[in-house]
Amino acid sequence: MSARRLVGLETEYGIIRTNMPKANATVLSAQIVDAYAQLVAEQDSAAKAARWDYSDESPLADARGFAMDRAQAHPSQLTDVEPGLEDEGIWTAESIALDGNDAHVGSTLYQEKDSTDVVMNMVLGNGARLYVDHAHPEYSSPETMTPRDAVLWDQAGDEVMRRAAQAAARLGSGELLLYKNNTDNKSVSYGSHENYLMPRSIEFSAIASGLTPFFASRQIFCGAGRVGQGMLNERAAFQISQRADFFEAEVGLETTINRPIINTRDEPHANWDKYRRLHVIIGDANLGQIPTLLRVGTTNLVLSLIEAGMAPQLELAEPVLALQQISHDPTLKAKVGLRGGVQLTAIEIQRHYLHAAENYCAARGIADPDTTEILTRWAQMLDLLERDPMDAADQIDWIAKYQLVNGFAQRHGVELSDPRVAMLDLQWADLRTNKGLYYRLAERGAIQTLFSQQEINQAVSAPPENTRAYLRGMTLQRYAPYVVAANWDALSFAVPGARKISRFHMPEPLAGTRAQVGELFEAELEIAEFIDELARHR
């Protein structure tokens, strides 16, 4: 048991064009991804890119032992095909804006390009994936092995998006604004997903029962904060989580409709017989580095408890209701019902998990630095929140936003329904470091951080060294012209003179590390020699 585990984070970003508020978001997202592809093509840097290989995708497989019929699936679930703008009937310049009167403002860049020339899905030199996920640009981080690394390469994704927006503006797409949030407050919610590697031998029912109370309550330290309650923003009140009101089910395969607390997608991107990828859709997109650290690190520990059969025996009477009751109470005093009639606060639920993890680690002498840091921060945070949640404003996103919003409302004598408050909520998530309110607070030292901008910039170009992301990223850095496609568990090469594509499979996520294959890149081999050596290292 440890806070270390293979983890990857996914973030869908909100996007708008300032002078075209009704512009089609899918086209804007394509402009972001394609602009970044052009940027890296221009640079003599480590940030090389390759197109995505869809051949190993299986998004409709369900961990409960069956597969959803493709005809019954929501279009957003069909992530195993290349998105196409022409298929959606939105590729012409006239349809870039939904309002025909604005069509003349269309992007000069895209008026001249055929959709087949546009890069909408690519793998980066740091091992990450950048692509169009329906109406949003998405960054999926490379696989990491520690909570701190998960934070660092997630932060690198924010920097990638900033650079992409700047490149798009330079290429003629106009000013595109990106937001790291989870809702437009007009009924639409978009995801911030987590992926955790687990042994397939663990029964999925044990995973679901062990995680549900934890997921419902962990928002108290990793919620992003939202002004408004209800899917349609019906109530002008603050809540802890951006996503809580958009969940309607306890367990299920869907991700955009009838969202479940526990998602059942069974798509491991690894050796199927050995591994399960737990796909978590219930998290908020955090700008803060400490909330992401706690979100990943505590979940890693709880999964270890489940694997050991040591998870607390808690069962919420109404999980979806409990999730929303906790989110709607920034005082953290709300109690939610368990089976049998016991009532607990979110802090009390979290303490059950913390104490179980502490006892397990102490009994087995587990004291590596990553585990020690998470256990220490977890305990300190719960103590802080119990004393006064506002004391954690320099660490936790929702609390910092709560103070900012309430301070503005009190100074100006307005209610939370005031449009200026809604703008404040949106500006909090603005990725521009000179405009986003989170970044302005952090620059003043009002927000604690873990990494410098220099470290984040390095993670934009360099892959983690202790997972297969190293092999993927370094291959793209050194042999990009020969990589015709890539995905999480395969690399495909076109070698001059060869009669067919050479495909190298990577079913073991913990293979392909620097320690294992670093010498191949130091040797500066020709591409044919490199592929031969890869085969020998298999």
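Buried means under 20% relative accessible area, exposed over 50%, and partly exposed in between (1.4 Å probe, protein chains only).

**View 1. The whole chain, a predicted model.** Buried residues make up 61% of the 538 residues. The chain has 16 helices and 20 strands; helices (H or I, at least four residues) and strands (E, at least two) are DSSP runs, numbered from the N terminus. Of the contacts with a separation of 6 or more, 71% join residues 24 or more positions apart. Contact means heavy atoms within 4.5 Å.

Residues are numbered from 1 along each chain as its sequence is written, and side-chain values use heavy atoms, with hydrogens and water left out. In this predicted model, local features need pLDDT of at least 70 and side-chain atom pairs count only at pLDDT 80 or more, while totals for chains, interfaces and linings use all residues.

**View 2. Residues 86-112, where pLDDT stays under 50.** pLDDT is the predictor's confidence in each residue, from 0 to 100. The model has 57 contacts beyond four places in sequence for this stretch. For the chain, mean pLDDT is 90, and 89% of residues reach 70 or more.

**View 3. The largest nonpolar core, with 127 residues.** Such a core is a set of buried Ala, Val, Leu, Ile, Met, Phe, Trp, Tyr and Cys residues joined through side-chain atoms within 4.5 Å. Tyr36, Leu211 and Trp378 touch the most other members. Helix H3 (residues 147-170) supplies the largest share, eleven residues. Beyond four places in sequence, Leu211 touches Ile262, Leu278, Val302, Leu303 and Ile306.

**View 4. Helices H15 (residues 514-522) and H16 (residues 527-537).** Their axes come within 11 Å and cross at roughly 165°. Axes are lines fitted to C-alpha atoms, for helices over the stretch in contact, and angles run from 0 to 180 degrees between N-to-C directions. H15 and H16 are therefore roughly antiparallel, a term for angles over 145 degrees. Gln516, Val517, Glu519, Leu520 and Phe521 in H15 meet Phe530, Glu533, Leu534 and His537 in H16.

**View 5. Helix H7 (residues 319-327), mostly covered.** Seven of its nine residues are buried. Among them are Pro319, Val320, Leu323 and Ile326.

**View 6. Leu491 in strand S19 (residues 490-493).** Leu491 is buried, with a relative accessible area of 0%. Its contacts beyond four places in sequence include Leu471, Ala485, Arg503 and Phe504. Arg503 lies twelve residues from Leu491 along the chain, and their C-alpha atoms are separated by 5.7 Å.

Key:
Angles under 35 degrees count as roughly parallel, over 145 as roughly antiparallel, 65 to 115 as roughly perpendicular and the rest as oblique.
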